[in-house]
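Student: I would like to learn how to read the features of a model one at a time, with the general idea first and the particular case after it. Could we begin with the strands?

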Amino acid sequence: MQSEKAKLSYDLDIESAHKVLLIEDNIGDARLVELLLGESELIDCEIVNKTTLEEGLKSLSEDVYSVVLLDLSLPDSRGFETLEKLLQSYPEANVIVLTGLADKTMGIKAVQAGAQDFLIKGAFDSGLLAKSLRYSIERSTVLQRLEEAQRTAHIGNWEYKFNGEQLKGSDEVYRILGFVPRTEVTLEMVASQISPEDVQEIKQKALSAKSGEVFSRDIRLTRSSGEIRHVYVQGQAIFNRNEIVGLKGIVQDITQRKEAALSASKNQERYQAVFTQSNDAIYIATPEGQFIDFNQATEKLFGYERKELEGMDVRQFFAGEEGKKVVEQLQRHSNIKDFEINIKRKDGEVRYCELTASRLNTTAGEVDGYHAILRDITERKLTEDLKRAKDLAERSAKMKEEFLARVTHDMRTPMNSIMGFANLTLGTELNEEQLNYVSTIKHTSEILLAIIQDILDFSKLEFGEVEFDKEKIDLNELLQNLAAMFRGHTEEKGLEFKLDIGKNVHLHLLGDERRLNQILINLLGNAMKFTEHGFIKINVRNIKDDEQKTRLQFQVEDTGIGIPDDKLDVIFSSFTKIRHKNKIYEGTGLGLSIVKRVLDLQNGTISVASAVGKGSVFTFELEFEKDLSGQKANTDESEPDNLPNRPISILLAEDLKLNQIVAKKTIEKKYPEVELVIAENGKIAIDLLKERDFDLILMDIMMPVMDGYEASEYIRQNMPSKATMPILAMTAHAHIAEDKQYLRYGMNDFVLKPFKPKQLYSKIAEYINKKDNGDMNPQETTPTGAPAYQHIDLSYMDLMSDGDPDMKKTMLEMLFDEPIAEMHKMKELEEQKDWTELKAVSHKMKSTLSFVGNELLTNTNKKIEQIAISQENTGELPQLIATLTDNFSKALEELRQEHGRL
């Protein structure tokens with residue numbers, strides 16, 4: 001089989017440069033050929049000289065040559081055998097034989113055997129040499145074009161001699177019959193594909209034919225693959241001295257012609273319907289751009305009536321220089337496809353369009369005009385612009401969310417230390433003043449932590465994705481704590497702080513205490529910021545009450561600078577800040593926006609009344625369930641925190657020193673006998689586990705060298721003896737706890753930092769007791785990982801997504817709809833016999849299917865593309881496309897499963 005490089009060039013432009021392979025061992029003769037060709041003006045050549053037949057054959061396999069000048073006397077081959085060896089390896093080679101004066105007969109014989117020409121050494125000059133090369137290239141080109149023409153027309157010539165059994169014919173004959181070109185084909189092999197009646201009739205006509213008479217017949221052919229073709233056979237007898245010695249003729253594949261004849265009328269009707277009923281503007285224009293014919297959609301697109309458009313220049317409708325670009329494109333490429341262009345209608349409106357046009361040529365090759373299709377894509381363009389804007393907004397929102405998550409995480413880390421040391425200090429002996437100070441620090445830290453969490457939840461508030469707790473609230477205690485918190489600040493500014501709780505207000509409630517704190521802190525903080533003289537006051541009233549529920553009204557009143565009337569409608573919008581006397585007060589502008597969203601999500605209301613220079617009153621209403629038990633809220637006390645009566649050891653994996661100290665002191669305070677071992681990263685924790693056992697691991701998620709996820713996954717997968725050892729994630733990321741991401745890596749539960757001591761004690765006791773009671777199921781501690789799939793292998797996708805689950809989900813979503821749509825399009829293109837477009841669709845799917853990791857899908861698609869390119873064995877395409885679609889459907893189920901797992 002020849003390589004693509006080994007095929008010789010058949011360029012019709014003889015004046016262009018050609019590469020010539022000269023196989024000649026005589027240095028003088030080789031140099032003479034080079035000089036003669038250098039003197040010639042008839043042909044431009046580049047000569048490559050090889051001195052042996054073996055080197056020449058190797059060069060033919062590596063490069064493309066227009067002509068081979070072959071000396072028949074070489075060191076490794078002599079005589080006529082030299083030509084036979086070369087043509088046996090490269091039968092399409094364009095060979096001119098070089099012979100001596102005494103070998104003229106050899107040259108003639110060489111031409112009869114397949115050489116294009118022969119030259120006698122010493123008897124040719126530059127003109128004769130160049131002319132021989134030129135004619136040789138032309139003859140070879142004609143033969144090649146003849147073969148191409150036969151293939152294009154699906155027609156081939158054949159010959160059969162009675163004294164032999166082998167059928168000879170052009171390559172197209174072999175293709176029509178379903179055989180590999182230039183292989184041995186016998187008459188019996190051909191006859192086996194034709195009905196016996198057709199074979200018998202052809203024989204009778206051939207044997208009874210007189211000299212010069214032609215016989216013909218349409219026959220039905222069944223290839224070895226089972227594909228049925230219709231062919232036209234024409235032939236005549238070959239005579240030698242009035243005796244028939246064989247047959248010769250042509251054979252043509254007329255399958256498409258028969259099908260075309262049956263559907264010609266229908267196609268004509270379809271074309272007329274498309275032209276008249278198409279929503280796209282279809283027109284034919286002269287080379288100068290004047291309309292010749294057009295459909296009704298053209299009139300509608302341009303906004304003119306038919307009489308007005310007749311004779312008009314279509315280019316006048318193209319905006320700017322685009323009309324000139326269209327003409328230039330058509331002159332250079334003869335056709336353009338999906339060229340984006342703006343057109344201006346009669347009423348002045350500009351529409352976005354896609355232009356597909358082809359040049360029309362006369363039989364002489366001159367430009368006769370062009371036909372075109374204009375598709376109005378204005379709506380699609382606007383939709384794409386909106387989508388880009390939406391994508392930009394989504395990316396911005398994502399960046400904002402990531403920024404807030406990072407900032408709040410970094411703020412929670414020091415808050416963990418502040419609250420931890422406050423809790424430890426409260427456990428020591430303190431006088432009353434010190435106790436008040438530390439209690440205020442703790443309470444203020446808890447409020448600040450709640451605010452930090454509110455910022456983290458800001459994006460969730462925007463989409464209503466926040467869940468509200470239902471816990472016991474002591475309203476009097478909550479308000480007194482707020483008063484204590486703000487009185488210090490009001491005293492510093494010389495303000496009076498007032499608290500007025502109505503007598504009929506139910507003080508023991510069920511609701512989300514943190515959210516109520518959040519609302520009041522935001523409103524009080526604003527009041528404090530904008531008030532320099534007078535007072536700040538909280539009023540609480542009962543406005544609706546029954547046995548189970550109560551609706552309360554809260555007012556935060558101040559005597560501050562007030563709000564202008566024209567700003568009252570926007571103060572609850574995000575990032576809104578009001579300038580007062582060329583001054584913008586500090587703050588993010590999020591406070592009131594968060595307050596309104598929190599109230600809206602709880603079916604609450606808020607309003608404001610204000611006068612510039614006199615102050616403002618913010619009023620909100622919220623409904624609560626009553627806590628009829630009247631007990632003080634303290635959920636922490638109900639959690640069990642007793643450990644087994646035996647030596648207990650805990651491994652703490654934490655890199656920050658302050659957090660190590662807080663955790664150590666907190667645990668020692670409750671469990672002084674517990675052994676606490678500290679590892680500064682996940683790698684050190686694993687090394688310690690290899691040496692000894694622990695009852696429980698407290699695993700921080702974000703650590704250097706090896707983080708908590710990596711360490712936990714390693715323990716579960718590579719240390720089976722630790723299968724029942726509980727691992728608790730310690731994290732400041734609330735969303736990690738909410739979506740239970742830690743479970744994927746083999747962790748059992750989490751402790752949210754900064755932790756409350758009671759919650760920490762409860763979790764430690766719960767899992768150590770479970771372990772002692774045998775309640776820890778090893779399967780529950782095994783990381784979920786990815787399930788074993790049968791139809792997909794996402795190794796390549798995992799590599800490309802680089803461990804980013806969001807990126808991987810996006811890549812998976814790209815596979816949900818587009819490939820199936822492309823496969824349906826493949827089926828339509830196969831039915832339409834549009835092999836060019838089918839090849840393009842199949843080629844486009846290569847990269848898409850590589851992410852699926854299914855070898856059967858990849859190989860099936862590859863075969864479809866190859867058939868579309870060669871246009872051979874097209875009868876296999878329906879089954880291949882069905883196989884591709886069915887197997888991708890199975891893979892798609894697993895792709896969706898993986899998407900849901902992330």
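Student: In which sense do strand 21 and strand 22 pair, and over how many bridges?

Tutor: Please keep in mind throughout that this is a predicted model. Strand 21, which covers residues 535-545, runs antiparallel to strand 22, and the two are paired over 9 bridges.

Student: How should I read a helix, and what span does helix 17 reach from its first C-alpha to its last?

Tutor: One way is to set the span against the value expected at 1.5 Å a residue: helix 17, with 18 residues (513-530), reaches 26 Å, close to the 26 Å expected.

Student: How many aromatic pairs does a search of the whole structure find, and why is the pair of Tyr283 and Tyr370 called edge-to-face?

Tutor: The search finds 9 aromatic pairs. For Tyr283 and Tyr370 the ring centres are 6.4 Å apart and the planes stand at 70°, so the pair is edge-to-face, given that planes over 60 degrees apart count as such. This pair links distant parts of the chain, since Tyr283 belongs to strand 13 (residues 281-285) and Tyr370 to strand 17 (residues 367-376), 87 residues apart. Both tyrosines, Tyr283 and Tyr370, are buried, and they belong to one aromatic cluster together with Phe291, Phe294, Phe302, Tyr304 and Phe317.

Student: What arrangement do Tyr709 and Tyr745 form, and where do they lie?

Tutor: Tyr709 and Tyr745 are stacked, at 4.3 Å centre to centre and with 20° between the planes. Tyr709 lies in helix 21 (residues 708-718), whereas Tyr745 is in the loop between helix 22 (734-738) and strand 29 (749-752), so the pair ties together parts 36 residues apart in sequence. Both Tyr709 and Tyr745 are buried.

Student: Which lysines lie over the face of a ring?

Tutor: Lys109 lies over the face of Phe80, at 4.5 Å from the ring centre, and Lys498 lies over the face of Phe535, at 4.4 Å from the ring centre.

Student: Finally, what is the phi of Asn603, and is Asn603 buried or exposed?

Tutor: Most residues other than glycine have a negative phi. Asn603, which is not a glycine, has a positive phi of about 60°; Asn603 sits in the loop between helix 18 (591-601) and strand 23 (605-611) and is exposed, at a relative accessible area of 64%. Val705 likewise has a positive phi, of about 65°, lies in the loop between strand 27 (696-700) and helix 21, and is exposed at 69%.

Terms used
Residues are numbered from 1 along each chain as its sequence is written. This is a predicted model: local features need pLDDT of at least 70, side-chain atom pairs count only at pLDDT 80 or more; totals for chains, interfaces and linings use all residues. Side-chain values use heavy atoms; hydrogens and water are left out. Rings of Phe, Tyr and Trp (its six-membered ring) pair if their centres lie within 6.5 Å; planes under 30 degrees apart count as stacked, over 60 as edge-to-face and the rest as tilted. Helices (H or I, at least four residues) and strands (E, at least two) are DSSP runs, numbered from the N terminus. Buried means under 20% relative accessible area, exposed over 50%, partly exposed in between (1.4 Å probe, protein chains only). A charge sits over a ring if NZ of Lys or CZ of Arg is within 6 Å of the ring centre and within 35 degrees of the ring normal. The expected span of a helix is 1.5 Å times one less than its number of residues. Two strands pair if DSSP finds at least two bridges between them.
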